[in-house]
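Look through the sequence and the 3D structure below before reading on.

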Amino acid sequence: MLVLVAPGQGAQTPGFLTSWLDLPGVADRVAAWSDAIELDLAHYGTKADADEIRDTAVAQPLLVAAGLLSAGALGSPAAFGAVAGHSVGEITAAAYAGVLSEADALSFVRTRGLGMAEAAAVTETGMAAVLGGDPDVVVAHLTAMGLTPANINGAGQIVAAGTMEQIDALVADKPEGTMKVVALKVAGAFHTHHMAPAVVALEKAAQALSPADPVLKYVSNKDGQIVTSGADVVARLVGQVANPVRWDLCMETFAAQGVTGIIELCPGGTLTGLAKRALKGVPTVALKTPDDLEKAAALIAEHAA
């Protein structure tokens, strides 16, 4: 069984969309999307520097657009047994599973990015990855410092979120038994109470959507559960911005469902990296450029549903 996964914020790098625009018809699609959401995706995906694409309002639509482009190059969802996304990647996953149209996915993520950027501007906040250590010990340490374990990613990685003062204190006083603490290139304490104002904006945006039920197993990063209702998927997308991501539970579900291969959409690498440590022996392909499509096609041919 193949699983398709979509990465979240922080996976973006300068120029990562450049090679994809050379594929037939892609530049026109990106131009149309850019006009629809009033954001120059081609510019930000090819010419913008790291600081520009770190902006939440830019990064999130850019990541969903890249995910949709690379997913389209893979062909029909019928080859996959399940789909999941990390953080904003859940919107990409929802579109690929047929819950949202591409237009609705991009409009929704534009609202999400703007809302989360506005919420992040209220207080100087950030996130940091804690590598290694016992998960229970790490979570207890973070809680004692007033931090939120915002992403429990499995494979020895938990991402803490909070004010910059709290993040700086964590760097100076890492949990016992851990290897290191690494500050992340994000512009806020996502998946915490700091993002509550963005939930209000998304609740309003969700009222304009007409979601369909997913055409393949949709694994929610709220709790690793398989969601069969399109309305439930959207409700989870709304609440997700202020609640932790449980990617560890998603990978447990992949294993329980009998995963035999994983393909990560552009800009791939983060989630396949976690899978290599937590789902040992499961072959993976990370789509970084169109050159990786040949490897993906070979994996699909061998493991398609």
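The sections below describe a predicted model.

## A cis peptide bond

The peptide bond that runs from C266 to P267 is cis. Its omega angle is near -5°. To find this place in the structure, look for the loop between β9 (261-264) and α12 (270-278), where P267 is found.

## Two residues with positive phi

E38 is not a glycine, yet its phi is positive, at about 55°. This residue sits in the loop that lies between α1 (26-37) and α2 (41-46). E38 has a relative accessible area of 69%. It counts as exposed because this value is over the cut-off of 50%.

A155 also has a positive phi of about 55° and is not a glycine. The loop between β4 (148-154) and β5 (157-163) holds A155. Its relative accessibility is 28%, and A155 therefore counts as partly exposed.

## The largest pocket

Rolling a probe the size of a water molecule over the atoms shows where empty space is left. The largest pocket has a volume of about 630 Å³. Its lining is made up of 30 residues. Of these, Q9, G10, A11, L184 and K185 lie nearest the centre of the pocket.

Two or more lining residues come from each of these elements: α3 (50-54), β3 (125-132), β4, β5, β6 (178-183) and α12. Which element gives the most to the lining? It is α3, with 4 residues. Sorted by class, the lining has 15 nonpolar residues, 12 polar residues and 3 charged residues.

Two of the elements in this list have come up above. The strands β4 and β5 give residues to the lining, and the loop between β4 and β5 is where A155 lies. Likewise, α12 is among the elements that line the pocket, and P267 is in the loop between β9 and α12.

## A buried threonine

T192 is in the loop between β6 and α9 (196-206). Is T192 buried or exposed? T192 is buried: its relative accessible area is 2%, and the cut-off for buried is under 20%.

Which residues does T192 touch, if neighbours within four places in sequence are left aside? T192 is in contact with T148, A150, A161, V241, A242 and N243.

Methods
Residues numbered from 1 in each chain as written. Predicted model: local features only at pLDDT ≥ 70, side-chain atom pairs only at ≥ 80, totals over all residues. Heavy atoms only, no water. Buried < 20%, exposed > 50% of the residue type's maximum accessible area, 1.4 Å probe, protein only. 1 Å grid on protein atoms, 1.4 Å probe; cavity = no way out; pocket = protein on both sides within 12 Å on 5 of 7 lines; lining within 4 Å. Points joined across faces, edges and corners; volume = space filled by probe spheres on them. Nonpolar A, V, L, I, M, F, W, Y, C, P; charged D, E, K, R; others polar. Contact = heavy atoms within 4.5 Å.
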